[in-house]
Amino acid sequence: MNELLSVLGQAVAFGTPILLAALGEVVAERAGVVNLGVEGMMALGALAAFATAQTTGNLLLGLLMGVLVGALAAAIHALVAVTLRANQFVSGLALTALGLGVSGLLGQHFVGSPLLEPLPGAEFRIGAVLLAIGVWGVLYLTQTGLILRSVGENPGAVDVMGISVVRVRWLAVLFGGAMAGLAGSYLSLSYRPAWVDGTTAGLGWIAVALTIFVGWHPVRAILGAFFFGLLYHLAFRLQGRVPSEFLLMLPYLLVVVVLSLAALRRQQGAAPEALGLPYKRGER
Amino acid sequence: MKLRWIALAAVFLGAMGLAQSAKLKACFVYVGPPGDYGWTFAHDQGRKLAEKALPWLETKYVESVPEGQAMPFIDKFVKDGCQVIFTTSFGYMDETVAAAKKYPNVIFAHNAGYKRAPNLATYMADFYQVYYLSGLMAGALTKTDKVGYVGAYPVPEVKRHIDAFALGVQATNPKATVNVKWINAWFDPAKAAEAANALIAEGSDVFSYTEDSPTTIQVAAKKNLLAIGSHYSPMLKYAPNNVVSGQIVHWDKIYIDFLTKVHNGTYTNKNLQNVDYWWLLSHNAVELGADINMPINPKFIPALKAKMVKDSAGKMVSVYDLVMTQLKEMSQPKPSFDPFTGPLKDRNGVLRVPAGKTMTEEELTSMEWAAPGVVGAWPNEPK
Amino acid sequence: MNKPPPSLRRWVFEPDPNPPASRLWLVSLLAILAAFLASGLIFWAYGVSPLTAYITVIQGTLFDSTGLAEVLRRFIPLVLIGSGLTLAFRAQFFNIGAEGQLLMGAVAAAGIALFVPLPAALVLPTMFVVGFLAGGAYALVAAVLKARLGVNEILTTLMFNYVASYLVIYLINGPWQGKTVRGFAYTDPFPPAAVLPTLPGTLVHWPTLILGLIMTVFLQLLLSRSVLGYELRVAGANPTAARYAGISATKVVWLVALCSGGAAGLAGVGEAAGIHQKLLDPSQISLGYGFTAVIVAYLARGNPILTIPTALLMAILFAGGDVMKVSLQMPFRVIDALSGLLLLFLIGSERLVEYRLRRKENPQ
């Protein structure tokens, strides 16, 4: 029993940053915008949070900066992919490269000087779960959520109602960036309170995978994040019995399986209808 | 094209001291970014210290050079007038050999490899003694009798360090085991964190590791567990209440010695065939330390003084005294003590080092067996 | 006060129903310039004068024999993958899994080189054929899922990158780990018959280079001169029309998956047999060629032959990053920042092509 609890505890700890980032991605994708820049936004958020906390000594200010810079990075994506209607996937890839590049360049001065009093992790873990429930509440119980989901399903209809599709999508993408920034801040202020180049180590991509894996559903994302955390944890627990690589590749394989199964049942994996499609008034 | 050859000739003349610059130019090929705060960071510190110490030295470096692709950078370095080129990863071995053949007038030194040539030396600052001492402390401090080790790749270098560590652990605590998790990466904070968490979940309470980031320490510190974990660079500041000690490297000692000998003509491009730096505690190339000049974090000295064990002569001593005595002993020019002295059996009971024999450098750099007390997967374990 | 009379003519920025083809190139060129200006800001923030940086890059790549060879070496995988991707993009099959397909090609090459006894003369050709098939088959999985079930290929190919990467890590740490590598995560070195020749003194494995050039020409001809190419163009430009014309969308998707995945597989064979001569950590095999090739293909606007100049541009950027590392002692992240900016500016500027700046009579 104790053993089980400890395994679950680890799964939750690992799952927290990917849950945070995935929640943001769920919101953005629910509004119809794929953002593959999560890894880059997370890295920028992690650096901004750490640099601020390190120079001012104020952890909460650091957290705020991490969130802000994440959102700022997302604004690039919103500008290119929403306003200028460029290919969302390519724009996201570019944002990841830019984010990793800029954070690696500017982070050099912060290497080798850790934060002595990091933020506690428990609040983040609980906060992430509460945020997931909150996002679910907003998405499914409020007018705002209805509009946001409609923008992802049928932007034309929303437009006809006189609501700006571009504005809704911008806000959703900014929220996605803020959450990625928050996930990055969790890494650099709490989970591994230091800056090293490459600190995100692919977690952003796992968050993207998670978003699809849970069928764009924020509450299922909680379970999904902990499930991925469990796999990652088991990869090391079962070492010597099962090659770690198989457990580590499993999340990515499962995404493909889930997408295929959903497609088989003709549900499209509950993917928003207009996912990945730029919206232009008068088209469609 | 002609002009370029003239320029090249000028560089060579310059190198021979006939033109403007009389400085020796040494250039470094790094495998990672100095931003890793690990392996490459330590080499870069060594380079900077050497440059500071030697007024006639000029250095250059290039970071994150992928394995198998160092040659173009070496070409560029040679064109830029580099006279000594250091390649700082095992993975560059064959390329460095090829480069030494291609540029017989340039002096090369390859880190962690074993192939040499008249103009190619090898060098390594090795931690195995320091890991043994780390193990002594880990064995004394563990309350669960489980010590954790996050390993990068199961290669002889890391296996040697884990074995030395385990021998130390068992010397002060024969009941204790060293539990190993591999991450199959030199640098991956996410995997290192999860490997450390897995070890924590399995009951380990003192940690050591081989990975290029401070992650393992930070994960241990979060649970208020201990780390003998300054790896390559001082890490006390990463967890002042949890870092007991660690393994600090001083590449500058080797760089300064090697470059000085190149500068004064002792080493040339003709006589390096047998030049192999295998520098240990006695050369001050490595240091036992929570921080520079702090072998043991004072917070843990009382606990280590309280724990009494039998030393090799059968006398009861405190672990603190044992560590300090052996540290002093192994820092002598000709240490009389070496952790890899027989009789040593592996964890399956097979005799690996007969009584009275000490493992040679060649044996150490190719060792594959696991010491008693090591628990966990051990790829390529000899039968 | 005497106000000047309002001008009767003014500049307007308005949608252009029929943008001329030349504007596309003009806008792209401006976007590239803007991206260089923006990255100049980053260099400046880092403490390197942008002008020095660019002069150094140009000198170190185009006016230096080592630099030129480095450009050429990067050009090989980029032109191979890029030309395949132009075809895929043209057919609306957004394969961003070239990185994984490249790795599968490298795995196939290593498998043949190390474990299949063949007459020496057949080794390399077999490696290329099997590498092509491995990369193609890997992309085909995504194509089948798309054609049969409608599963988004961007997501599947993206996920397959990671699967391939872990597969390589598993192989080199497990069953394929070399006997002579002292426990390091490599396979044994390839036998001499499985090693590609290079131009003397460089890493330019010229057989793959020639293969890449042939590939661009072949794919261009396939696209513009064959029935298959016609079907592909129609299916990409107007799926509905294609259906009425009796063109099988499935066939087109399969074809482009095979071509683009196969080309990436060939690139993987080239990197493994030409540069490394063994299988090793995925991050060392490909330096993100699969992703950079997306830019290459994107810039070539659906014309395989145009990947020759666009791959050259990106190859210069790659090699230029190395020059900055050596000559200006800058971190390797420079390249990421630069290519990210370049891509953002290019796709962001796309929309501007549909607009024109015109002097218009003021209605007042």
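Visitor: How many salt bridges does the rule find across the interface of domain 1 of chain B and domain 2 of chain B?
Guide: The model is a predicted one. A salt bridge here requires a side-chain nitrogen of Lys or Arg within 4 Å of a carboxyl oxygen of Asp or Glu. Across the interface of these two domains of chain B, the number of such pairs found is zero.

Visitor: How many residue pairs are in polar contact across the interface of domain 1 of chain B and domain 2 of chain B?
Guide: Polar contacts are judged by pairs of N or O atoms within 3.5 Å. With both residues at pLDDT 80 or more, the residue pairs that the rule finds across this interface number three.

Visitor: Which element gives the largest share of the side of domain 1 of chain B that touches domain 2 of chain B?
Guide: Two elements of chain B give two or more residues to that side, namely strand 11 (276–279) and helix 2 (39–53). The largest share is three residues, and these come from helix 2 of chain B.

Visitor: Which three residues supply 52% of the area that domain 1 of chain B buries against domain 2 of chain B?
Guide: Between the two domains about 1400 Å² is buried, and carbon and sulfur atoms give 62% of this area. Of the part that domain 1 of chain B buries, 52% is supplied by three residues, more than by any other three. They are Tyr37(B), Trp278(B) and Leu281(B).

Notes
Residues are numbered from 1 along each chain as its sequence is written. Chains are lettered from A and ligands numbered from 1 in the order in which they are written. This is a predicted model: local features need pLDDT of at least 70, side-chain atom pairs count only at pLDDT 80 or more; totals for chains, interfaces and linings use all residues. Side-chain values use heavy atoms; hydrogens and water are left out. Buried area is the accessible area (1.4 Å probe) that two parts lose on being put together, summed over both. A polar contact is a pair of N or O atoms within 3.5 Å; within protein, one must be able to donate a hydrogen and the other to accept it, and residues adjacent in sequence count only if both atoms are side-chain atoms. Helices (H or I, at least four residues) and strands (E, at least two) are DSSP runs, numbered from the N terminus.
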